[in-house]
Amino acid sequence: MNELLLGLADDELVLGWRESEWTGIAPMLEEDVAFSSIAQNEIGHARALYQLLTDDPDALAFDRALDEYRCAPFVELHLLDWAQTIARRWLYETADEIRIAALKDDPDPAVAGLAAKIDREEAYHRMHGEMWHARLRDEPRFRAAVEELWPYAVGMLPEHLRGELATRTALDLPSDTVLQGKERGSHTPGLQELWDEMTSVRRSAPAGSQW
Amino acid sequence: MVTEQQVWAALDEIADPEIPVISLVDLGVIRSVDVREGEVRVEFTPTFLGCPALEAMKTAMEEKVAALGADPDVQVISDDSWSTDRITPAGREKLRKAGFAPPAPREASAPKLVQLQASVFRCPYCGSTGTRLENIFGPTPCRSLRYCESCRQPFEQFKTI
């Protein structure tokens, strides 16, 4: 299995799940709509990526044990603070653009084609992130949130793409000590709770159920 | 034996599940129809990958082909080949009449926030370009929300993809 694509797909699934947690409770109606739409789109990207890897995307999404997921700790964090949530949106989309751009040059035309499609759609997520970043960047609460989440965002990317992320965000790469437990390969305690909920309906039904 | 033309005509009867004023053929999501000895292969390109109507569209196409007495083989092609530029002129006009502003043409680079915030998008009700962006996102992944300052009417704008 292509670990890079699986990691990307798992990031989109788990972050889509996290973003959907704002549906109905975002601090303003417009953001309620925005987060719901972004979540739906991220999960759609996860599905399309899983389809490249398997004939049964549902099984891949929901039937794996927790330690088989390849998502980065960054997307697992259960953020209840709006400044942190927006900081993650902005950091995630900035990092995501870099890895998707790399995939657009993939020698496999199916991968390159899907990456190009995803990139077109993500452009709207990036605009949303940039809009909020422009609005909040001088607010101390937002700056603190970016500072706290920055090592997690770095840990989402393979090492050779991290320099580009630091350039785009104008932030300094953290030390290896700071990165410990925040890089892909580790999981945070929040993933267990998310997995329990995300897979609960699937697990409650007998195998082979038709919906 | 079913002809390619019959298949296109049948597919043209399928309304978009989210925006029923326009058909799947108007929307330009059917990339090709290939008729071979009792089997009809349809290549279909999703609008947005997160579109909740994808499955409904696929099922509707399979039913239409089956109703013509042929075996349907509907393939979803998830690449960059669909663009809002593929919406037909007739489709754009149907959208506008139903209160959806048609998409702006695609450019080589992705659209920018400053373009979305510019007063160049025309209100489908009164034709004024004095409109502003309310929300990049709307009720489905393919739409944004705008507001017309001239006739004070909110409307939905098809996103350029």
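Which elements does chain A run through from the N terminus on? They run α-α-α-α-α-α-α-α-α-α-α.

## Basis of the model

This is a predicted model, in which local features need pLDDT of at least 70, side-chain atom pairs count only at pLDDT 80 or more, and totals for chains, interfaces and linings use all residues. Residues are numbered from 1 along each chain as its sequence is written, while chains are lettered from A and ligands numbered from 1 in the order in which they are written.

## Chain A

Chain A has eleven helices and zero strands. Helices (H or I, at least four residues) and strands (E, at least two) are DSSP runs, numbered from the N terminus. The radius of gyration of chain A is 17 Å, close to the 17 Å that the globule rule gives for 211 residues, so chain A is as compact as a globular protein of that length. That radius is taken over C-alpha atoms, and the rule is 2.2 Å times the number of residues to the power 0.38. Along its principal axes, the C-alpha trace of chain A spans about 55 × 40 × 35 Å.

Of the 211 residues in chain A, 41% are buried. A residue is buried if 20 or more other C-beta atoms lie within 10 Å of its own, exposed if 12 or fewer, and partly exposed in between, with C-beta atoms placed from the backbone. Among contacts in chain A with a separation of 6 or more, 73% come from residues 24 or more positions apart. Two residues are in contact if their C-beta atoms, placed from the backbone, lie within 7 Å.

## Where chain A meets chain B

The contact takes 24 residues from chain A and 20 residues from chain B. On the chain A side, helix 2 (29-53) and helix 6 (109-136) each supply at least two residues. Helix 6 of chain A gives the most, with 13 residues.

By class, the side of chain A that touches chain B has twelve nonpolar, seven polar and five charged residues. Ala, Val, Leu, Ile, Met, Phe, Trp, Tyr, Cys and Pro count as nonpolar, Asp, Glu, Lys and Arg as charged, and the others, Gly among them, as polar.

## Two domains in chain B

Chain B is divided into domain 1 (4-76) and domain 2 (99-158). The bounds come from an automatic or database domain assignment. The C-alpha centres of the two domains of chain B lie 28 Å apart. Their contact takes six residues from domain 1 of chain B and four residues from domain 2 of chain B. The domain 1 side divides into three nonpolar, two polar and one charged.

## Strands of chain B

Strand 1 (residues 30-36) and strand 2 (residues 39-44) of chain B pair in the antiparallel sense over six bridges. Strands pair if DSSP finds at least two bridges between them. R36(B) has E39(B) in strand 2 as its bridge partner. This hairpin has two residues between the strands, and E37(B) takes a positive phi near 25°.

Strand 2 of chain B also runs parallel to strand 3 (residues 71-76) of chain B, joined by six bridges. Here V42(B) stands opposite V74(B). With helix 3 (residues 54-67) of chain B, strands 2 and 3 of chain B make a right-handed β-α-β unit. Right-handed means that, with the strands pointing away from the viewer, the path from the first strand over the helix to the second runs clockwise.

## The four-stranded sheet

An open sheet of four strands in chain B has the order 4-7-6-5, with mixed pairing. Strand 4 (100-101) and strand 5 (131-135) of chain B stand at the edges, each with a single partner strand, so one side of each is left without a neighbour in the sheet. Strand 5 of chain B runs antiparallel to strand 6 (residues 143-148) of chain B, joined by four bridges. N135(B) stands opposite L145(B) in strand 6 of chain B.
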